[in-house]
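Subject: Structure handover

Hello,

Here is the structure for you to look through. My notes come after it.

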Amino acid sequence: MQALWQRIKGATPEDQQANLWSMGLRIPRFKPPVSWLIAERHSNGSLEILGLFTHKQFRRLGLATRLLEALQEYGQDTGSGSLSIRFTEHFDLALLFFERHLFERVGPSKAPRDRLHMVRELMI
């Protein structure tokens, strides 16, 4: 399985300033990444997960956990104080996943479609 962090190519100048990063996991003989994560580094050093997805055929194999652990390691190595994510409160599978990975609810988001905000502090 191949995994690699990379700065998003072809991003607009605004995105380059936002410091967007992606990571995907590929499996031989399956062309697209089977699991991917996109994160943004904010000016305060925190990392926000913008997307985390695993192809339905490859779920429950620990791929999303591997990506999240890689992001945590990247955050610790680069001095980030926390990881965060925002998603719809009724997305039960996401809620369980992030609670299992020690994220805590910090309240609803200000954006109307992103109702839940969860954060995990990183040990540096």
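The model is predicted: local features need pLDDT of at least 70, side-chain atom pairs count only at pLDDT 80 or more, and totals for chains, interfaces and linings use all residues. Numbering runs from 1 along each chain as its sequence is written, and side-chain values use heavy atoms, with hydrogens and water left out.

Ser35

Ser35 sits in strand S3, residues 30-41. (Strands are DSSP E runs of at least two residues; helices are H or I runs of at least four; both are numbered from the N terminus.) Ser35 counts as buried because its relative accessibility is 0%. (Buried is under 20% relative accessible area, exposed over 50%, partly exposed in between, with a 1.4 Å probe and protein chains only.) Its side chain makes a polar contact with the side chain of Thr54 at 2.8 Å. It also reaches the backbone oxygen of Phe53 at 3.1 Å. (A polar contact is a pair of N or O atoms within 3.5 Å; within protein, one must be able to donate a hydrogen and the other to accept it, and residues adjacent in sequence count only if both atoms are side-chain atoms.) Leaving out residues up to four places away in sequence, Ser35 touches Met23, Gly24, Leu25, Phe53, Thr54, Leu63, Ala64 and Leu67. (Contact means heavy atoms within 4.5 Å.)

Arg41

Arg41 also lies in strand S3. Arg41 counts as buried because its relative accessibility is 16%. Its side chain makes a polar contact with the side chain of Thr78 at 2.5 Å. It reaches the backbone oxygen of Gly45 at 3.2 Å.

Helix H3

In H3, residues 92-100, the buried residues are Ala94, Leu95, Phe97 and Phe98. They fall within an arc of 165° seen down the axis, so they line one face of the helix. (The arc is that of the directions from the helix axis to the C-beta atoms.) Leu93 and Arg100 are exposed on the other side. The buried residues pack against strands S4, S5, S6 and S7 and helix H2. Just after H3, Leu102 has a positive phi of about 70°.

Aromatic rings

There are four aromatic pairs. One of them, Phe97 with Phe98, is edge-to-face, at 5.0 Å centre to centre and 90° between the planes. (Rings of Phe, Tyr and Trp, the last by its six-membered ring, pair if their centres lie within 6.5 Å; planes under 30 degrees apart are stacked, over 60 edge-to-face, the rest tilted.) Ring pairs link Phe87, Phe97, Phe98 and Phe103 into a cluster.

Best wishes
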